[in-house]
Amino acid sequence: MKNDEQTAVLGGGCFWCVAAIFQRIDGITSVTSGYAGGNRDNPGYEQVCAGLTGHAEVVKIDFDSSVIDFEKILDIFFLAHDPTTLNRQGADIGTQYRSIILYQNDQQKKVAEKKINDLNRAGIYKKEIVTEVKALDHFWPAEVYHQDYYEKHPFAGYCRVVILPKITKMELPKIARILNNHID
């Protein structure tokens, strides 16, 4: 890993959605769908979806911090999903779809907690943010068929109905404003 390369691990519902958004951001060097935050080693998709592991669907985002910093990653993350719904994103329901930031060091923890407090104080959302902030214990990559799912299946029903609207919502003008410190 280069000196400027860092990693963020985030869960905001279905990992296909979160991955598709972050794969379109300058400074992101790789995005891997996976599982974290639970208590079972080497979990599989069926186990996670059944709620048997405590894990959330997450993405591991490697990024060049000389291009984009962790705070900007969080700005995009909070815009890309609803952080006020407990264990749910849209029709996806269960603890595996919870909003979660898995920090890797004290600095990431401080930035995440400050971001949540700032957003709550600013009244950006109608309800309080319920995003869990937890130390990353281990990241387990998801099965190969989950990696780059949107890119491989853009015409699949879920991709067209759920993921494409999220990508459209996050198009470049809004992301440019985020990266220039202007959240609307």
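This is a predicted model: local features need pLDDT of at least 70, side-chain atom pairs count only at pLDDT 80 or more; totals for chains, interfaces and linings use all residues.
**Entry 1: the core.** I began with the largest nonpolar core, where Leu10, Phe22, Ile28, Ile73, Leu74 and Ile101 touch the most other members out of 43 residues. By nonpolar core I mean buried Ala, Val, Leu, Ile, Met, Phe, Trp, Tyr and Cys residues joined through side-chain atoms within 4.5 Å. Buried stands for under 20% relative accessible area, exposed for over 50%, and partly exposed for in between (1.4 Å probe, protein chains only).

Residues are numbered from 1 along each chain as its sequence is written, and side-chain values use heavy atoms, with hydrogens and water left out.

I then listed the contacts (heavy atoms within 4.5 Å) of Ile101. Not counting residues up to four places away in sequence, Ile101 touches Val9, Leu10, Phe70, Leu74, Phe77, Phe78, Ala112, Ile116, Thr131, Glu132, Val133 and Lys134. I also found a second, separate core of 7 residues, including Ala36, Val58, Leu102 and Phe139.

**Entry 2: helix H1.** I take helices (H or I, at least four residues) and strands (E, at least two) as DSSP runs, numbered from the N terminus. How many residues of H1 are buried? I get 8 of 8 for this helix, residues 15-22; among them are Trp16, Cys17 and Phe22.

**Entry 3: strand S2.** Two strands pair if DSSP finds at least two bridges between them. S2 pairs with strand S3 (residues 56-64) in the antiparallel sense over 8 bridges, and with S8, also antiparallel, over 2 bridges. I looked up Gly34 on both sides: its bridge partner is Val58 in S3 and Pro141 in S8.

**Entry 4: salt bridges.** I count a salt bridge when a side-chain nitrogen of Lys or Arg is within 4 Å of a carboxyl oxygen of Asp or Glu. The count comes to 7.

- Glu71 and Lys115 form one, with the closest N and O atoms 3.1 Å apart. Glu71 is in helix H3 (residues 70-80) and Lys115 in helix H4 (residues 106-122), so the pair ties together parts 44 residues apart in sequence. Glu71 is partly exposed at 40%, whereas Lys115 is buried at 8%.
- Glu132 and Arg98 meet at 2.8 Å, N to O. Glu132 sits in strand S7 (residues 132-135) and Arg98 in the loop between strand S5 (92-93) and strand S6 (99-103), 34 residues apart. Arg98 is buried at 9%; Glu132 is partly exposed at 28%.
- Asp118 and Lys114 come to 2.7 Å between closest N and O atoms. Both lie in helix H4, 4 residues apart, about one turn of the helix. Salt bridges that share partners join Glu71, Asp75 and Lys115 into one network.

**Entry 5: positive phi.** At 59% relative accessibility, Asn42 counts as exposed. Asp148 has a positive phi of about 55°, in the loop between strand S8 (140-141) and helix H5 (149-152). Asp148 is partly exposed at 35%.

**Entry 6: Arg160.** My last stop was Arg160 in helix H6 (residues 157-169), partly exposed at 48% relative accessibility. Leaving aside neighbours within four places in sequence, Arg160 is in contact with Pro154, Phe155 and Pro165. The backbone oxygen of Phe155 lies 3.1 Å from a polar atom of the Arg160 side chain.

Terms used:
A polar contact is a pair of N or O atoms within 3.5 Å; within protein, one must be able to donate a hydrogen and the other to accept it, and residues adjacent in sequence count only if both atoms are side-chain atoms.
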